[in-house]
Amino acid sequence: MSKKNNVRSSQLLSPFGIGQIVNFPKELSLMVCGLNLWDEKIEQGKVNRGIDSVRESDLRFSEIRLQRTLGVDYFVKPFEYKTAGEKNNYLEIPAVRFPGWHYCTNQKCGRMIRVSLSQPSQKIECIACWDGESKYKSKMNPVRFVAACPEGHIQDVPFKEWVHNGVVPNDGLEHEISYHTGGGSGDLGSIRLKCTCGESRSLAGLMNIRKNDENIFDSALARIGLNNDNTNKFDAKNPNDNNPSGQYCRGNRPWLGLEGINNAQQCNNHLQVLIRGASNVHFSEIQSAIYLPSSSEDSNEYVNQVIDEKGKETLLNYYEQEKNGTPILTIVLSDDPVVKMGLISKEELISGVIAEISIEQASEEESGLSAELELRLEEYNYILKGRNSENSGLKAIVRNFDDYLEKDYLEKYFDSVVLIEKLKETRVFKGFSRINPMNKIDKKELSTKPVKWLPAVEVYGEGVFLKFNDKVVDDWINQYEAKHKPIIDRYKSAMLRRRPKDDPKNINPFFVAMHTFAHLLIKKLCFDCGYGSSSLREKLYFSDDPKSRMNGILIYTSSGDSEGSLGGLVRQGKAANLGPLIKNALAEAEWCSADPVCSDIGKSSGQGPDNVNGAACHNCCILPETSCEEFNMLLDRTTVIGSLDESELGFFSI
C-alpha cells in the first residue's frame, strides 16, 4: 500500500491479510499480495535507492517459540510507508488490482473492460463515451462481484459467458459488454448486461448454488449453456460430460501476481459468486503467542533485554563455542548497544547472560503433544506461576479469593485469578480461507517460493486470567456430557466433511461452556467499562488429556503501543469487581432478546456455521471476528446457565 492508500500495520494480518480484497476510497479495489512480492519490494528498494537504503534487520524480529511451531526462520513487520528517516523509506506493501472487471459510471454507456493485475494505482477512465474534446472522461468502477471456490482460488466472474449463456461466438465481432442498473428493488434482476452483438441478460440467479452437507454440488456458473428445457440433464457428479459450456474454477491465485494466473492450479471446483466486500471472501488465520521472559525474575533488565533480542538458543550456541575456545559470545556482547551506551558494563552483561543461559534447561524429549498445544501449555503453566517483575514484557499477579466479594461463589467454580498487568503478544498471519473458515489454506500458498518467514506484529496490553476448578469441571462432565453431546457431534461431522485429512480438535462440552462464558464476560466488560466491541480478545486454554490438562481463559486487550493499556481491564479482576461482574454477566445470559427462538433452534437443530452453535446468536453471544479464536463457533448458553426447562444443565447451575 502507498501513502495515498494506507492500512494500519495490524490490519494487514486481519482483516486485510494476504489474499484479501481491500476497498479504498474512490472505488479502488486492491488485493494484498503474497510473500514473494513483499521480498521483491525490498529488493526493488535496494535497486532504486541504493543497497544501503534498506536495513532488513529493522523489519525482522524473532519469537523462538512461534518460529519453532510454524517452521519459519523469522518474522517480518508489515512495512511502514515513510518518507523520512535513515533507512527503509518508501517501502510499500505490494497489491494488485482485483477484480479486473470495471464498468463505466455513465449510465448511458456502462461499457465494461478487464483491467490488468499490474495496474494497482492507475486511474481507470472510459474512452467509449468520451467525445475526444471534453476535459473529463467518465470514471470506471470495479464490479461488486467475484467468483471463489473452497480451495481459496478466486477469479473474475465470467460475465461474457453469462451474457451469451455459453462460449463467446467466434464470429469476428468485438462482443463488448456493458453494465446497466435499473430501478425497482435493487436486486440482481435489476442489473442487466448487454453485448454489442445484441445479446442481453440480467444477473438474476448469478449467485445461486446448491449444497449437500455444506458441499457445493451445483452452481449458476456451472449451468451456463443449459436452456430451461434441458436443465435436468445437468449431472452434478460429472458436470463437464454433459455441459462443456459450464464455468468452473480455473485455480487462479491473483495474490501471487501474474505467476498465480499463468501457473494456475488445476481445480475445476464449483464457483460461488460473492460480493467483493463480504466477510466470507477472506478469513485470516492468526497464530499468536504470549511473550514469556527467557530470564529469571530477578535478573538485570539489560540482561533480559539482550537475551530477548538475540534469543536464548542463539546465545547458548555462542556459549558452547566460547567453551571450545572461540570467544564469539564475548565479542557479540561487548559490541551490544547497551554496553556502548554505558547502561551496563561489559563484564556484568557477560556474566549475567552466562548465568541465565546456564540455568538447567527443561528436557527436550518429545512430549507427544501437537506444536500448538505445547505452545499453549507452556503459556498456561507460566501464567499460573505468575511473575511480579517490572523488568520484562510480562507481569502477572496470582490471586486467590480470600478478600474477594462473592468469595464462596468464586471459589466454587475457580481455583484462582491472575491479574496480568503487562503482556506482550506476537500475532502471526499463517494462512487464510474463503467461503467457510474451516477451509484453511496452507502457508505454502502464500508465496511462489519456499516460505522462510511470515508477517507478524507485536502488541502490548493487559488481561485477566481465570483458572477453573478441575474437580467441578469433571463432576459436571460426568453428569451432563450426554445432554450436550449433539453439538460436539455436529462439529466433528462438519470437520470431517471440511477437512477429512485432519484430526478434529479434541474437545468436550466443557470447552463449549468455557468458550461461551468467555464471550458473555467480554460482552459484559464492553458494556460496563466502555471498551469497543472489538478491543477485547479471548484466549482459550483447554485440554482434557491428563498429561496436558488445561481449563482456563484469558480475556485481554492489546494495542501497538509499547506501554500497553491503562489498567482498566485488570481493575475488573480485583476483589471488589470480579464476583459481581461474573454474576451479572450470567444473569443477563439467562434471557436473550431473540428467545425463545434462539433457545429453541439451538436445542433442536443448532445454528450458525454448519449448525455447530446451540443457543447462541448475535443478540447474546456472537462477538466481532477479531475477538474470537473459533470464528464464533462452538457456542451454547445452555452449557453455561442451562435451558428454560432444564436449568440444571449449565455449568454455573451445579
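Some ground rules before I start. Residues are numbered from 1 along each chain as its sequence is written, and side-chain values use heavy atoms, with hydrogens and water left out. Because the model is predicted, local features need pLDDT of at least 70 and side-chain atom pairs count only at pLDDT 80 or more, while totals for chains, interfaces and linings use all residues. Helices (H or I, at least four residues) and strands (E, at least two) are DSSP runs, numbered from the N terminus.

I'll begin with strand β24, residues 550–559. Nine of its ten residues are buried, so β24 is largely enclosed by the rest of the structure. Buried here is under 20% relative accessible area, exposed is over 50%, and partly exposed is in between, with a 1.4 Å probe and protein chains only.

Which strands pair with β24? Pairing requires at least two DSSP bridges between two strands. Strand β22, residues 453–468, pairs with β24 in the antiparallel sense over eight bridges, and in that pair E462 stands opposite T557. Strand β23, residues 536–543, is also antiparallel to β24, again with eight bridges. There, Y541 is opposite G552. β23 and β24 make a hairpin, with six residues between them.

Next, helix α13, residues 470–498. With 29 residues, a straight helix would reach 42 Å at 1.5 Å a residue, but the end C-alpha atoms of α13 are only 32 Å apart. That expected span is 1.5 Å times one less than the number of residues. Where does α13 bend? The bend is at E481, by about 75°, taken as the angle between axes fitted to the seven residues ending there and the seven starting there. At the N-terminal end, N469 caps α13, with a side-chain oxygen 2.9 Å from the backbone nitrogen of K471.

On to the sheet β11-β10-β17. It is open, has three strands in that order, and pairs antiparallel. β11 (154–155) and β17 (272–275) are at the edges with a single partner strand each, so one side of each has no neighbour in the sheet. Two bridges join β10, residues 145–148, to β11, and A148 stands opposite I154.

Last, T330, in helix α8, residues 328–334. Is T330 buried or partly exposed? Its relative accessibility is 24%, so T330 counts as partly exposed. Leaving aside residues up to four places away in sequence, T330 touches E322 and I350, where contact means heavy atoms within 4.5 Å.

Terms used:
Polar contact = N/O pair within 3.5 Å; in protein donor to acceptor, adjacent residues only side chain to side chain.
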